[in-house]
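Visitor: I would like to learn how to read salt bridges in a model. Please take me through some cases.

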Amino acid sequence: MVEKTELIGLSKTELEQKLADMGEKPFRAKQLWQWLYFHGETDFDKMSNLSKALRQKLKEHFSITRPKIVTEQLSKDKTRKWLLEFQDGQRVEMVYIPEDGRGAVCLSTQVGCAVGCRFCHTGSQKLTRNLTAGEIVGQFMVARDTYGEWPSPTDETRYLSNIVVMGMGEPLHNPDNVIKALNILTDGDGIAISRRRVTMSTSGIVPKIVPVLQATGVRLAVSLHAPNNQIRSKIMPINDRYPIEEILKACREYQNNDGSRYITFEYLMLDGLNDSLENARELVMLMKKYKLRASFNLIPFNPWPGCLFKPSPSGQVKAFADILEKAGFAAPVRVARGQDILAACGQLKSQKDKIEA
Ligand code: SF4
């Protein structure tokens with residue numbers, strides 16, 4: 001039996017080439033693309049504007065696969081979390097975080113992660129492998145299936161309005177597949193999420209920051225979590241390889257290329273470690289030194305069993321935020337979501353692995 005090629009994850013050019021190899025004209029590739037990514041169709045027989053003969057050929061040579069849903073949990077606050085499984089049995093998590101009339105789907109890019117941030121539950125699960133472009137896109141397609149958002153409704157009614165690449169894995173350790181996936185997700189003939197509504201978060205893999213942002217046009221978030229190298233290296237060992245100054249220089253270069261883009265710095269508030277008022281002032285000085293247009297996302301720490309850190313008291317978080325805001329930087333405190341379904345990154349997968357071990 002001929003092994004079938006998976007269609008989800010092929011770039012537009014690759015899809016055109018596959019159809020050209022079968023003797024089909026380029027407009028057929030466009031029609032097929034729309035079936036896959038605009039209508040979310042998974043059944044070749046329902047692709048009504050393709051001839052019966054072509055549908056038959058497609059069925060013989062290609063497959064359209066979604067990641068399998070292992071578990072799905074809905075929190076009291078409507079945060080939804082899926083544990084998804086790919087063809088080889090590897091699993092990742094995906095989370096949907098609703099806001100008023102819209103919301104963000106948080107995608108994973110690797111199974112496990114090699115960065116090893118000490119505060120992160122995924123970091124305690126070693127890297128198993130990179131996800132393919134199709135597996136990254138497939139996650140979002142599962143979310144659209146769940147919310148019945150095929151074909152794309154208008155922005156006003158779209159609940160799955162934003163994408164954040166902040167799930168399991170470091171996206172810039174899997175740059176080629178992430179670029180390909182983001183270009184599929186933002187393609188105007190298909191899923192068509194605006195590039196400005198897609199944010200990719202990195203721990204700061206310096207050489208890849210500018211190239212990946214240029215290749216995708218999405219927004220940048222950096223997991224900063226500390227105002228100096230001494231503290232950052234304690235909680236993020238990757239900082240020894242790519243220290244704060246190098247990361248901020250890359251951020252400066254990114255803003256030189258596109259002056260309209262704000263950068264979000266994520267900052268986990270860890271009691272007694274990075275949450276002093278002096279630390280807030282250091283952050284302000286860093287932003288000024290590198291002339292960055294930035295906002296902060298202050299994240300209350302959600303402890304997991306066996307972790308070494310404690311969340312900062314809420315009064316301390318507020319005083320910290322005040323210093324940033326007085327200096328002109330937005331610094332909202334992220335509201336903890338999905339507490340009842342373990343919505344912090346990596347928690348559902350770990351729990352399930354433990355149960356099944
Ligand atoms: S925070 Fe992100 S980069 Fe760090 S270990 Fe967790 S998944 Fe990896």
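Visitor: Is Lys 59 buried, partly exposed or exposed?

Guide: Burial is read from relative accessible area: buried means under 20%, exposed over 50%, and partly exposed in between (1.4 Å probe, protein chains only). Lys 59 has a relative accessible area of 29%, so this residue is partly exposed. Before going on, note that this is a predicted model, in which local features need pLDDT of at least 70, side-chain atom pairs count only at pLDDT 80 or more, and totals for chains, interfaces and linings use all residues. Residues are numbered from 1 along each chain as its sequence is written, and side-chain values use heavy atoms, with hydrogens and water left out.

Visitor: How many salt bridges does the structure hold?

Guide: A salt bridge is a side-chain nitrogen of Lys or Arg within 4 Å of a carboxyl oxygen of Asp or Glu. The structure holds 16 of them.

Visitor: Which residue does the side chain of Lys 59 meet in a salt bridge?

Guide: The partner is Asp 45, at 3.1 Å from N to O. The two belong to distant parts of the chain, 14 residues apart: Asp 45 is in the loop between α2 (26-37) and α3 (52-61), and Lys 59 is in helix α3. Such elements are DSSP runs, numbered from the N terminus: helices are H or I with at least four residues, strands E with at least two. Asp 45 is partly exposed, with a relative accessible area of 42%.

Visitor: Where do Lys 12 and Asp 187 lie in the chain?

Guide: Their side chains form a salt bridge at 3.2 Å, N to O. Lys 12 is in helix α1 (residues 12-21), while Asp 187 is in the loop between α5 (175-185) and β10 (198-202), 175 residues apart. Lys 12 is partly exposed at 26%, whereas Asp 187, at 15% relative accessibility, counts as buried. Asp 189 joins Lys 12 and Asp 187 in a network of salt bridges.

Visitor: Are Glu 85 and Arg 91 buried or exposed?

Guide: Both are buried, and their side chains meet in a salt bridge of 2.8 Å, N to O. For Glu 85 the relative accessibility is 16%, and this residue lies in strand β4 (residues 80-85).

Visitor: What is Glu 85 in contact with, leaving aside its neighbours within four places in sequence?

Guide: Contact means heavy atoms within 4.5 Å. On that basis Glu 85 is in contact with Pro 67, Lys 68, Val 70, Gln 90 and Arg 91.
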